[in-house]
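User: I would like to learn how to read a structure like this one, feature by feature. Could you take me through it slowly?

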Amino acid sequence: MYKNFFRYLISAIFLLGFSVNSNADFKVGFVYVGPTGDHGWTFQHHEGRNAVEAAGIKTTFVESVPEGADAERVIRQLAQSGHDLIFTTSFGYMDPTNKVAKDFPNVKFEHATGYKREHSNVSTYSARFYEGRTLLGHIAGKMTKTNTIGYIASFPIPEVIRGINAMTLAAQKVNPNIKTKIVWVFTWYDPGKEAEAAQALIDQGADVIMQHTDSTAPVQTAEKAGVWSFGQASDMQRFAPKSILTSIIDDWAPYYVERAIAARDGTWNQQDTWHGLKEGMVAMGPYNSAMGADLVKEVEQLQKDLASGKVHSFTGPIYDQKGNILVAEGKVADDGMLAGMSVYVKGVEGDIPK
Amino acid sequence: MALYFFTPFIAIILTILGGGIIFYILGFNPIEALKFYFITPISNLYGLSELLLKATPLCLIAIGLSFCFKSNNWNIGAEGQLTFGAIVGGGVALLFYNQEGFYILPLVILAGAIGGMIFALIPAILKTYFNTNEILVSLMLVYVSKLILDYLVVGPWSNPEGFNFPETRQFSDSSRMPLLFEGLRIHAGIFLALAAVMLSWFILYKTYLGFQIKVSGLSLKTAKYAGFKGKTMILVVFMISGACAGLAGVGEITGPIGQLHRMISPDYGFTAIIVAFLGRLNPFGIIFASLVVALTYLGAETAQIFLQIPKYTGQVFQGMILFFLLASDYLLFFKVKILSLKKNELRH
């Protein structure tokens, strides 16, 4: 009898010890779609993870996890092996993330770029990359001599179409004759395909290249061909120092640190985050001095105005390719419209692949 | 002959030793790393279920490939046949979207097998009637099938509520593989793989067709003298192989994935080639080989989660298994002699 009592007492103390200790055992897991060395999308998430680690929180990552049947196992393994907060950093992890979240109500999940939050322990987050595109459009409109901007696009999803439109609108504002030519590569990361697409656009007369894919191949191709380019997701200046005018940088670090601390301290709530220049989730790389001091000043002002909300990337009047009005004069597009954007604005060439 | 079935084990042992050395060079404790690699992933029920889940498509495809390889037909395009099988099967599943009925799943599975079969018939017909090289044709068709899949999930079959993301709707439950245990992902598709193992053993070792296949593999000339109809046999082995790959594809999309999208297979069709050879093209050997290779996938994930060992070691392990297997075969079947050249021989 007494023996049993002591046994219970000891195990109770043990359990107590564990629960008190749980702060020290707090662990954050990351699931990446690409290799950490892609210098684009995954690289930036990895930088965010490094920041969490630097804040004194233990982290783990698994890279190059295919978006098929394997994703669920990896997410589940992270949940099972004592991770308290798990960031799944690609759209294709949406359903597996929600599925695992159902079985682990005490683990918090954060899914990047998705829209499903089926359980109270799933949050979603993404960045207003289109604000960066507005700046690129302004610069491209001023820098182009051929009035042709080449755009390498991955998949015809709203996020990508939003970027194309935001860029085109901003470029038109400073240069009404602008044309946007698009090549769809149907991949997020394929240096070979991206380089070919860049070359094809250059051959069609584009003298400014930008891309919504992850590798450094487009900027390197542009550097070789002597045309302007922009870095995507991370600062790619060192890969094409002459050609790159600036880069759109995804800075996940502040968000990751904030959410990790919140989860550790028990203040984590479900939310849908869409941050931009204002919060710093979207940042710009250094501006190339080839742009000239005046243009740099203009763009820096525009950047400030976008951040403060004085200027919105999608301010009316905006027309679609057929000339139908999408956003009336003096209005700005609301987030609902931005989230579901699936038509090109006037001035973009070609059709959205269907 | 006993040695012939023994070399795969030598290859696996050498791979483990080689892996240990690599881990040591990378600065990890090799024993601990190997434990996380080969033991931790399957130390619980969930892990075992995942192992079987991963091994199922590998085993199915490899069984199919063994028919081709045994008869000297080099079907390298199982990945394409898997993809096309998944497309046809997935198409039927979408056709019956939101409908109930016990007959739907069998129809979906059948459609997958037929899809794979049709896609495998292309290189087979081109080989038999136009004398093309089946290695090239079947390999190139892999990319064709992936592009068809891309087109369908981006365009006509994309989920109308899916914001244009490249994926179809989630299939209804009536076209999903039943799960075998609550909470585990292992599904009825494993019975398809086991049935394929049994059937292939029966065909290869107990039927006239199996005899023809083996004789053609050993010597095409003998097969011709014996009066075997070479063309029919080529068509048949490709059809079997394609059907198996199609089944693997449909098993993935109606099992763990539940929809069509661009990433339905992490190159199972190619990895299954290693599985087929590691299993010595023997149905039961293939079961064993598919489990070993499946474990290298799981191990790579666990090793990265617990020790942060780069995940690409999984591919290194798969490569090493094949390398050591070929090397042991070479040393087994050929005598290595060190010859010394005499001075006067150089003049000739």
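User: How should I judge the confidence of the prediction, and what is the mean pLDDT of chain B?

Analyst: One looks at scores for residues and at scores for the model as a whole. The mean pLDDT of chain B is 91, with 97% of its residues at 70 or more, while the model as a whole scores ipTM 0.81 and pTM 0.84.

User: What radius of gyration does each chain have, and what would a compact globule have?

Analyst: The idea is to set the value for a chain beside the value for a compact globule with that number of residues. For the 348 residues of chain B the globule would be near 20 Å, and chain B has 22 Å, which agrees; for the 354 residues of chain A the globule would also be near 20 Å, and chain A has 23 Å, which agrees too. Along the principal axes, the C-alpha atoms of chain B fill a box of roughly 80 × 60 × 40 Å, and the C-alpha trace of chain A spans about 90 × 40 × 40 Å.

User: What share of the residues in each chain is buried?

Analyst: Here a residue counts as buried if 20 or more other C-beta atoms lie within 10 Å of its own. By that count, 49% of the residues of chain B are buried, and 51% of those of chain A.

User: How is chain A divided into domains?

Analyst: A domain may be one stretch of sequence or several stretches taken together. In chain A, domain 1 covers 2-127, whereas domain 2 is made of 129-249 + 284-339. Their C-alpha centres lie 34 Å apart, and the contact between them takes 9 residues from domain 1 of chain A and 11 residues from domain 2 of chain A. On the domain 1 side, helix 2 (residues 41-54) of chain A gives the largest share, 3 residues, and that side divides into 3 nonpolar, 5 polar and 1 charged.

User: Where does the largest nonpolar core lie, and why?

Analyst: To place a core, one asks which parts of the chain give residues to it. The largest nonpolar core has 98 residues, and A:Ile75, A:Ile164, A:Ala198, A:Val208 and A:Ile209 have the most contacts inside it. Its largest share, 8 residues, comes from helix 6 (residues 158-174) of chain A. Because domain 1 and domain 2 of chain A both give residues to this core, it lies between them. Leaving aside residues up to four places away in sequence, A:Val208 touches several residues, among them A:Ala140, A:Met143 and A:Trp228. A second, separate core of 94 residues includes B:Leu53, B:Ala193, B:Tyr268 and B:Tyr297.

User: Finally, how many residues of chain B are in contact with chain A?

Analyst: An interface can be read by counting the residues on each side and then asking which elements supply them. Here 20 residues of chain B are in contact with 27 residues of chain A. On the chain B side, helix 6 (134-154), helix 10 (230-257) and helix 12 (283-307) each supply at least two residues, and helix 12 of chain B gives the largest share, 4 residues. This side of chain B divides into 10 nonpolar, 5 polar and 5 charged residues.

Notes
Residues are numbered from 1 along each chain as its sequence is written. Chains are lettered from A and ligands numbered from 1 in the order in which they are written. This is a predicted model: local features need pLDDT of at least 70, side-chain atom pairs count only at pLDDT 80 or more; totals for chains, interfaces and linings use all residues. The radius of gyration is taken over C-alpha atoms; the globule rule is 2.2 Å times the number of residues to the power 0.38. A residue is buried if 20 or more other C-beta atoms lie within 10 Å of its own, exposed if 12 or fewer, and partly exposed in between; C-beta atoms are placed from the backbone. Domain bounds come from an automatic or database domain assignment. Two residues are in contact if their C-beta atoms, placed from the backbone, lie within 7 Å. Ala, Val, Leu, Ile, Met, Phe, Trp, Tyr, Cys and Pro count as nonpolar, Asp, Glu, Lys and Arg as charged, and the others, Gly among them, as polar. pLDDT is the predictor's confidence in each residue, from 0 to 100. A nonpolar core is a set of buried Ala, Val, Leu, Ile, Met, Phe, Trp, Tyr and Cys residues joined through C-beta atoms within 7 Å.
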